[in-house]
Amino acid sequence: MWSELVGQDRAIAQLRRAAVPGSGSMTHAWLLTGPPGSGRSNAARAFAAALLTPDHGESRSPAAERALRGIHESMTVLSTQKSVITIDEVRELVATAHQSPVNAPWRVVIIEDADRMSERTSNVLLKAIEEPPPATVWILCAPSQQDVLTTIRSRCRSVSLRVPSADAVAQLLVRRDGVDPQTARWAAHASQSHIGRAKRLALHPDARTEREFTLGIPAHLTSVGSTVRIAARIVDVAKERAAARTESRNAEERDSLLRTLGVDAGGKIPPSARSQIKRLEDEQKRRSVRARNDELDSIFIELLSLYRDVLAHQLGSRTEFINVEETERIARLAAESDETTTLMRIDVLRKARERLATNMAPALVVEAAFIGLSNPWIV
């Protein structure tokens, strides 16, 4: 059950020990931290399975399978694709946390993106963690402890996860997904050991095509006109990818809400239901914005990996490339500039990622980034 948490032996040992009754290691609130791709959500679900099963998760029992899928009857998972977790969502979780467990000794509540709570929302959660029901366990996930309100993290036991090695991720892809070793190695390096991204790169040809398109962007930044055009195209591409991720879910949510409200498909929406429809549409818009920004951020991350390799080549470092099959492209870019210019380009991309978290228009963020990549000395 813990097999998908590659390179996390210390964290696994801590969580397995806590799940055993009488070990003295159990507490009512946990904070699992680690960089993207380290497996925070998988660790939270595996720990929940260990708490909710008679053998403490040592086998893939039906109860353990339900917990790993997030559908166990004594388990609630809050996972959001929006920019923020709302106060109403947390209040609903708090109410659920006071229910008695079913077919298990614990009721487990997981918040997969605890860093997306505002201070006001966090304070609602804080009260619940300070005075928890005796059979409730909270498991919060965040990139780092600093991403969570100080008063909350002080009441949680922390477990830190780290980025697994590329070799460990490649072995997982071979063992779990049947990927051939060469493709698995490439995907593990290209994803920078992000397990979910590595799986997508290994199994979906369109993901590899998208990545090849991204790595080719620097070659098109030859003039201000071409730079602005490619920036506009990238924003459109990000919107299209985000729509592909969210449109189906949005339609299902709208149809489900209409059925709940007793409105026939294609029928007129009564005035009494319009506020609920509007609230759903607003939530879906926020999710779409988050999905678009995530797509743009992934493009910046890919470009950062490329320029990291360029810098390593320029410095004569023996560090293995992230882009292990792009040695010719890396050598060409390295020959076209020097170490100082490459460092400036890396800083341009870092600033672009920070600007995505603001209200700055995405087209301006991308244009500024690409103009900076084209000529970092003018930024």
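Tutor: We will take the aromatic pair, the sheet, the helices and the cavity in turn. Keep in mind that this is a predicted model.

Student: Why is the pair of W30 and F47 called edge-to-face?

Tutor: Start with the centres. Rings pair if their centres lie within 6.5 Å. Those of W30 and F47 are 5.0 Å apart, so they pair. Now the planes. Over 60 degrees counts as edge-to-face. Here the planes are at 75 degrees, so the pair is edge-to-face. A search of the whole structure finds 1 aromatic pair.

Student: What makes this a link between distant parts of the chain?

Tutor: W30 sits in strand β1, and F47 in helix α2 (residues 40-52). The two are 17 residues apart.

Student: How do you know that β1 and β5 pair?

Tutor: Two strands pair if there are at least two bridges between them. Strand β1 (residues 29-33) and β5 have 4 bridges, so they pair, in the parallel sense. For L31, the bridge partner in β5 is S158.

Student: What makes β2 and β5 edge strands?

Tutor: Look at the order in the open sheet of 5 strands: β2-β3-β4-β1-β5, with parallel pairing. β2 (75-78) and β5 (157-160) each pair on one side only. From one strand to the next, the twist averages 15 degrees.

Student: Which strands does helix α5 lie across?

Tutor: Helix α5 (residues 119-130) lies across β1, β3 (107-111) and β4 (136-142). Its angle to β4 is about 140 degrees. Helix α1 (residues 9-19) lies across β1 and β5, at about 145 degrees to β5.

Student: What makes a space count as a cavity?

Tutor: A 1.4 Å probe fits there but cannot get out. With a cut-off of 30 Å³ or more, the count is 1 cavity. The largest cavity has a volume of about 30 Å³.

Student: Which residues line the largest cavity?

Tutor: A190, S191, Q192, R197, S298, I301 and E302. By class, that lining has 2 nonpolar, 3 polar and 2 charged residues. Helix α12 (residues 271-315) gives the most, with 3 residues.

Terms used:
Residues are numbered from 1 along each chain as its sequence is written. This is a predicted model: local features need pLDDT of at least 70, side-chain atom pairs count only at pLDDT 80 or more; totals for chains, interfaces and linings use all residues. Side-chain values use heavy atoms; hydrogens and water are left out. On a 1 Å grid over the protein atoms alone, a cavity is a set of points where a 1.4 Å probe fits but cannot get out, and a pocket is an open set with protein on both sides within 12 Å along at least five of seven lines; lining residues have an atom within 4 Å of a point. Grid points are joined across faces, edges and corners, and a volume is the space filled by probe spheres set on the points. Ala, Val, Leu, Ile, Met, Phe, Trp, Tyr, Cys and Pro count as nonpolar, Asp, Glu, Lys and Arg as charged, and the others, Gly among them, as polar. Axes are lines fitted to C-alpha atoms, for helices over the stretch in contact, and angles run from 0 to 180 degrees between N-to-C directions. Contact means heavy atoms within 4.5 Å. Rings of Phe, Tyr and Trp (its six-membered ring) pair if their centres lie within 6.5 Å; planes under 30 degrees apart count as stacked, over 60 as edge-to-face and the rest as tilted.
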